[in-house]
Amino acid sequence: TTPAVEAAGQPRSGGALTWAVETEPITLNPHQYAQAKARLLVWNSFEALLTYDARGALVPWLATGWQVTPDGLRYTLSLRAAVTFTDGTPFDAAAVKANIDKLREPGYAPAVAAVQLRHLKAVEVVDPRTVRLTLTAPDVLILDFLASPQGAQVSPRSLREARNLKAGGVDVVGTGPFVLDRYVPGQELHYRRNPGYDWAPPTATHTGPAHLDEITYRFLKESAVRVGALTSQQVQLIEGVPATDQPLITGNPRLRLSRQLNSGSAYSYYLNVSHAPFDDLRVRQAFREAVDVDTVLASVYRDTATRAWSVVSPSSPLYDKRLEGSYGGDTARANRLLDQAGWATRDADGYRTRAGRRLTVRLVQAAPYVRDRRDVLAQAVQAAVKQSAGIDLKVSLVDQGTAQQAFARNEYEVFDNSRADTDAAAALNLLLHSGGGINRTRINDPQLDRLLEAGQATADPTRRAAGYADLQQRVVADQALALPLYAPADQIAASTAVGGVRFEPTAGVPASAYDLWIAR
Amino acid sequence: MAPLLAVEDLHVTFDSPTGVVEAVRGVSFTVGAGECVAVVGESGSGKSVTARTLVGLAGAGARVRAARLDLADRDVRSYRPRDWRRVRGRLAGLVTQDALVALDPLRTVGAEVGEVLAAHDIVGRRERAGRVVHLLDEVHVPEPGRRARQYPHQLSGGLRQRALIASAIAGEPALLIADEPTTALDVTVQAQILRLLAERRATGAGLLLISHDLAVVAQVADRVLVMRDGRIVEQGPTGRLLRAPQHPYTRQLLAAVPSASSRGRRLGEPAQVRDGCAVPVLRRTPLPARPVVRPDDAVLDAVGLTRRYGPHTVVRDVSFRVARGETLGLVGESGSGKSTIARLVAGLLAADAGTVTFESARWSGVPERTRRPLRRRLQLICQDPLGSFDPRYTVGRVVAENLDPGPDRTDRVLALLHRVGLGPDLLHRHPRSLSGGQRQRVAIARAIAPRPSLIICDEPVSALDVSIQAQVLDLLGELRAADGTALLFISHDLGVVHHLADRVLVLHDGVVVEQGPVGDVFSYPRHDHTRSLLDALPTLVTAG
Amino acid sequence: MTVTLGTTPTAVVAATLVTDPPAPARRRRGRPRPGLLAAGTYLILLVVAAVVPALLAPGDPLAADPRAALTAPGAAHWLGTDQLGRDVWTRVVHGAGHSLTIGLAATAIAVTGGVLLGLLAGLAHRFADEALSRSFDALSAFPLLLLALLLITVAGPGTASLIVAIGIATLPHHARVVRAQTLLVRRAGYVEQAVSFGLSRPRLVLRHVLPNVIGPVPVLAVIGLGEAILAAAGLSFLGLGPQPPSPEWGAMLSEGRNYLQVAWWMTVLPGAAVTATVVALTVVGRHWQARFDGRQH
Amino acid sequence: MSLLRAVARRVATGLVVWWAAATAAYLALLAAPGDTVDSIVGDGADTPQIRAQIIAEWGLDRPAVGQYLDYLWRLAGGDLGRSYLRQRPVAEVIGEQLAPTATLAVTAAGLGVLLAVTVAVGTAGRRRRWPRRVSSGVELLLVSTPSFLIGIVLLSVLSFRYGLFPVAGDQGPAALVLPAVTLALPIAGLLAQVLRDGLDRAWDEPFVLTARARGVRERTVLLRHALRHALLPAVTLAGWLFGILLGGAVIVEQVFGRPGLGQVTLNAVTSKDMPVVLAVVTLSAAGYVVVNTAADLTYLLVDPRLRRS
Ligand SMILES: Nc1ncnc2c1ncn2[C@@H]1O[C@H](COP(=O)(O)OP(=O)(O)OP(=O)(O)O)[C@@H](O)[C@H]1O
Ligand SMILES: Nc1ncnc2c1ncn2[C@@H]1O[C@H](COP(=O)(O)OP(=O)(O)OP(=O)(O)O)[C@@H](O)[C@H]1O
Ligand SMILES: [Mg+2]
Ligand SMILES: [Mg+2]
Ligand code: NI
């Protein structure tokens, strides 16, 4: 949230900024977007048709509005006039159609085509300012797609002519307030202002061209290095400030720290119910009770993490508040449940056993996707379940292929995940639906599937919220399918000379550089 | 006029890991201009240290003390490094020991010779090349221009030695110190080098010549100093010293030199002399009689041996026989193929052509398996005994290895050691802790252990001092007589061969140029090559 | 140095690197050597730490105490605690076993493989020798880190991969040294002599070649052990080593660097343990080598 | 001519070694667990249609031998394939990152050699006892300390604490200082040891005594005679140096957040981007072979003794 009074004074135009970011995007083409950490870069040079406001409601951006037929199968979007891509191509209905057609082209963006555009039947240009999407089944998430980076509009000329379209680069352009003019792989991205920009979304704090003349994003993977770069004034902004380093920022009068919870799903341990021991509800519950999440979070994140009670992030409008305080941390109960479940004996190392087999559960983490010290968190949980209930949590931090293999062979009991989708429902579809792409609980519950499908077809916010609340009750409270741990958050630490530091509404990730300015 | 070099009571000590080594203990001598003084003595007697001290390069950790150390009328005792630099190469030139490795292998010969000129700014950069060629020419290096551009490894030993001398005389030093300038050289080359050094004297330079070989220096030196254990035991004009040696050690040295005149007699243990009583002649005690040689009973018969390495034929059509109890000498220059023949005969190397018959059995061209039963009858002694011992073995094990196993093996080993004059205390020692002579004795003990009918000796005494060489030669003479063993004795030293062998084989470039009884071959050489070998042989003009 | 001659310059290097460690200033015998003494004492402590860690640090290296996380060195935790409140001293002591095991296992692979292949190459005919030598070259064409990365891609991260990677990466080096040594021994005078005693070939190899070839191997192994531990630390640092919460030193270092600004002890102390171990091993190895060389000549 | 033949022989050997290395890498990766399709899918959504598309796109349905021959063929033609992860030609991905790594490696190597030669020449010889002892102690310490530890310490003291150098990235020469020093120190440590030992050894050689007996200055003898001999074994360290530089670069780039091959490699390995891993491996093997062959040839040029027929 924006502080009432900016230390940097009044917004001013001009100047250059350097922002150290954690992740170098694997692609600069928004259609190929797959990294939440790359989102803040996407919106500098690309824009979507819609966006979310602070309350989680969809508002127009490059589209001025939309209508949907009562059967939920036809969406008609009217487009903003006088918008041009930075290569001079006008933005119109044909451009929108070109984008969506491109996305559906085989081999181009298989994940988008297969998930977000699953129900899309056709796109037609009604007139230069109007497009119509026809679906095969009602799917409110199509609007979420239109507000997502994958739905961002790329100049049709880029789509035709870019040298490396899938990788993106300076020759893949959009309509955004900045133009990417230099990419030094492994090092930095450099943007300069788009002087003709005049179509800021209603969520922005100003209109017209961006304040900054230029902005450089440097990729500094190591958090210690990012913080060091900021404290030694070599960069003005960093994102991703680990808990232990936050005192270094807050204790420094020249620096300021802002935090915001992400949308989407909370970081949770999903329990694999397809085989022992988590096929037994009591063991799942016991596992959850064995962890004093608050203490664990306090130690790992030094009191900076927000505890999650549900698989849905607390910042999401779908979040079910009733779950708070309803479970967890009851060691005695954990032990009782395990005794009941037959894990009553202990071995020499203090682990529980049943019929000579140790109560071992495996958590497999793929190293490239571990962030927020989740490996350390795993160690803390590991120590906690051992100390309080004699559960042997085996953590392995492996490469992508090995992790995939473990999942494919069903050689794991715990799966950790959080997803930063703006609409949490998109994440839940993947995670909990029996046919979901990453249904690693391996749950096959018709009732859950029904709830998810109903949610996807419902546009009314209240009815949706109620449906998803039921779902959360079932997943978290009744079935104990997951151990929610914390709500992922983003942090921005900035020099006090920088103004307009903002998070993207709803998504909760750092916003683009559009509103930023730097004091003289 | 004061002498060029005057040394009085020179002491040099070293701090070494094992304690203080007194390398030179109170040496006094002088060298005058145009004079040649030779220093002789066995290995380790302090010759090189003395020489190096004269140019301020005694070595790391050396402490030098002297009552007087004057070089061209200057007291050099308190010289600092900078002062020494002006002496070296200019006042005193040093021809260092080990000529074969004394030139930097990575620089051209010309650069090495020219270094003195550069260090002392004797001639300008531009004239330097010309001067180098001139210098090389002066020391009789053929094609000096081409040689100057070559690297040391492209030069033969003799040429390298000459280049080294050229570099030592480049600065026209008043005193030239030559440390063993002819060791490791063929007799023919040796003679040339000695002549070359003698020429320097004519220019008025003083010459300090160091050698362990009395015969070598006798030809050129005006005076001789005999060193032992860091002391000069005797010095005097060459003629007198050789004719009437005063000190028993000098006498021993002289007696130890093998030659035609020493045949059939011991080289070591010269006749006992009473102090004070001058004995003008060296007396040698006789050796046991030679074994009876039966010329028709051949132990070894080699016919038409030929061996090639790549395009080079190093042994060509060599035939000879060794009769039972006979000692066949094999002489030739370095690289003439002596060792190759030894290895062919020993069955360690396959011949490209020719056959070897040993003890009437086919020895060449058969699998090792067939040779194995007869192996014990043919033994090998080589120049480097240490290298022929497994480094992990003790003396006892080395010898026992060549004996049949049995409960009394240790006794047999002790008996063998006793035969070669070694005590039982050596049984558990490691060969590397023995002296060179002792090592060679161990090798001999091992070779005679299985009572072989033939022992191949490949330069068994070349690495030894004369006095130790004398002991080993005496030992071989004794054993041969006692066991009736035949010897194939390889040496580049004609004196040694003359002393020991019955017949001799002269090898030149892999070809046998002459063979016959030693007396005939050495007295009436028919081949030019044999003749030049004999001409170059330095001989002591002493009464026998 | 007689053990070092090889046929290619590359082989010489290999040899110079390990069999010819710079032995500055040959020292006097019998003089007390504080360095050697310290190294020996340290290694003894290290072995104690590896075998009975409880003797030096009775605590549990995995016992977390979240409330005492990141405590600076002091009375309660004299080397401080880490981010989960685990005692750093206890972890460093218990880590000794892990690090030593990795080092020893990797060295064992390298030395065993190196000796076998090196002997084979040294004794084989020209073509087999050439083929083997080229395969050593091909193996060493992968820098250790790359080889480890490759192996980890194949076998997944973890102690086993780490050990195998380091073992294989250092193997060619040992193999080359052994091969050069074998060639040398094979041509040595005493082997030739032994032929003339009528020894059969297998006996010859067993009695004279093998013992003289493997003579310097233990020395190589000690110095190689240091290298292996260092390499393991580097790989663990990149997150390619043992799995958490194993108190392996490299892994501790890797974890600690995230807390460098707030808890230097998490990085510096395991780092010091690695350095001290490698230094101690090198010192002892070189000393041994000097003795060995002295014996050889 | 024999020199030419020696050169040809070494080059041929180099090629064989390189082929063996490339094949070994390929085979190793073939044995890697996890489906290639999985690696391409990564963290994203995964359905049978997606998989089918990927298999068709990358030609993963062809037999392994065919893929291998194809790989060799393309490799011979300089085509390194396309990155699964980055959706771009591998040559491009690596090409972009080659320069920063090369700059770092060359600077570090130069610095290391310079330091080593200076220290070795400065402390060799008999008289200087103390500087020698100190420097060999420091060298041992440098060689025995993990290079990333050196880097981390340098970084936090000189950059974070005192702000003397830029923290990270590849922003001009100042940013090169700390990474290059970090990489150079262990190299300098080992090289100095080898060099000093070589100098000492050479100092004991008769030709050095001869040169000194000519009245040549000690320093000149050291530089003109001894150093060349000491450098010879150091030249053969080139292959080792290459490995250290490449491996060290991975770590140093990680610590200092520098762009470069190290980052690319690490990313590729952890995300199983096979074409990139393979390319890095074969390229580095090629580099090694080139460096080693060059070293062998240098050896041949510097040491006239080896030029004998
Ligand atoms: N640098 C040194 N440190 C210790 N001892 C030395 C040193 N140089 C020579 N010595 C010792 O001094 C003694 C005399 O050596 P020197 O080299 O003068 O003998 P030499 O008469 O020249 O023998 P050779 O005929 O073998 O050349 C030997 O015992 C030798 O071990
Ligand atoms: N293994 C080999 N490969 C190639 N050439 C060889 C080999 N062994 C010996 N030669 C060459 O064969 C020739 C004869 O060598 P050999 O060792 O028999 O000479 P020698 O008469 O014993 O000399 P020296 O007196 O120096 O011992 C030499 O020119 C030598 O270079
Ligand atoms: Mg001498
Ligand atoms: Mg010979
Ligand atoms: Ni040696």
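This is a predicted model: local features need pLDDT of at least 70, side-chain atom pairs count only at pLDDT 80 or more; totals for chains, interfaces and linings use all residues.
How many salt bridges does the rule find across the interface of domain 1 of chain B and domain 2 of chain B? The count is zero.

Stop 1: Select residues 5-235 of chain B, assigned as domain 1, and then residues 298-535, assigned as domain 2. Their C-alpha centres lie 36 Å apart.

**Stop 2: the interface.** Six residues of domain 1 of chain B are in contact with seven residues of domain 2 of chain B. Together the two domains bury about 600 Å², with 49% of that area on carbon and sulfur atoms. Now select B:D186, B:V187 and B:T188, which supply 59% of the area that domain 1 buries against domain 2, more than any other three residues. On the side of domain 1 that touches domain 2, one residue is nonpolar, three are polar and two are charged. One residue pair is in polar contact between these domains.

**Stop 3: backbone details.** Most residues other than glycine have a negative phi, and most peptide bonds are trans. The next selections depart from this pattern.

- Select A:A276 and A:P277: the peptide bond from the former to the latter is cis, with omega near 0°. A:P277 lies in the loop between β13 (267-271) and α8 (281-290) of chain A.
- The loop between β5 (74-79) and α2 (93-104) of chain A holds A:A82, which is exposed at 70% relative accessible area.
- Select B:D317, also with a positive phi, of about 50°, and not a glycine. B:D317 belongs to strand β13 (residues 312-324) of chain B and is exposed, at 55% relative accessibility.

Key. Residues are numbered from 1 along each chain as its sequence is written. Chains are lettered from A and ligands numbered from 1 in the order in which they are written. Side-chain values use heavy atoms; hydrogens and water are left out. Domain bounds come from an automatic or database domain assignment. Contact means heavy atoms within 4.5 Å. Buried area is the accessible area (1.4 Å probe) that two parts lose on being put together, summed over both. A salt bridge is a side-chain nitrogen of Lys or Arg within 4 Å of a carboxyl oxygen of Asp or Glu. A polar contact is a pair of N or O atoms within 3.5 Å; within protein, one must be able to donate a hydrogen and the other to accept it, and residues adjacent in sequence count only if both atoms are side-chain atoms. Ala, Val, Leu, Ile, Met, Phe, Trp, Tyr, Cys and Pro count as nonpolar, Asp, Glu, Lys and Arg as charged, and the others, Gly among them, as polar. Helices (H or I, at least four residues) and strands (E, at least two) are DSSP runs, numbered from the N terminus. Buried means under 20% relative accessible area, exposed over 50%, partly exposed in between (1.4 Å probe, protein chains only).
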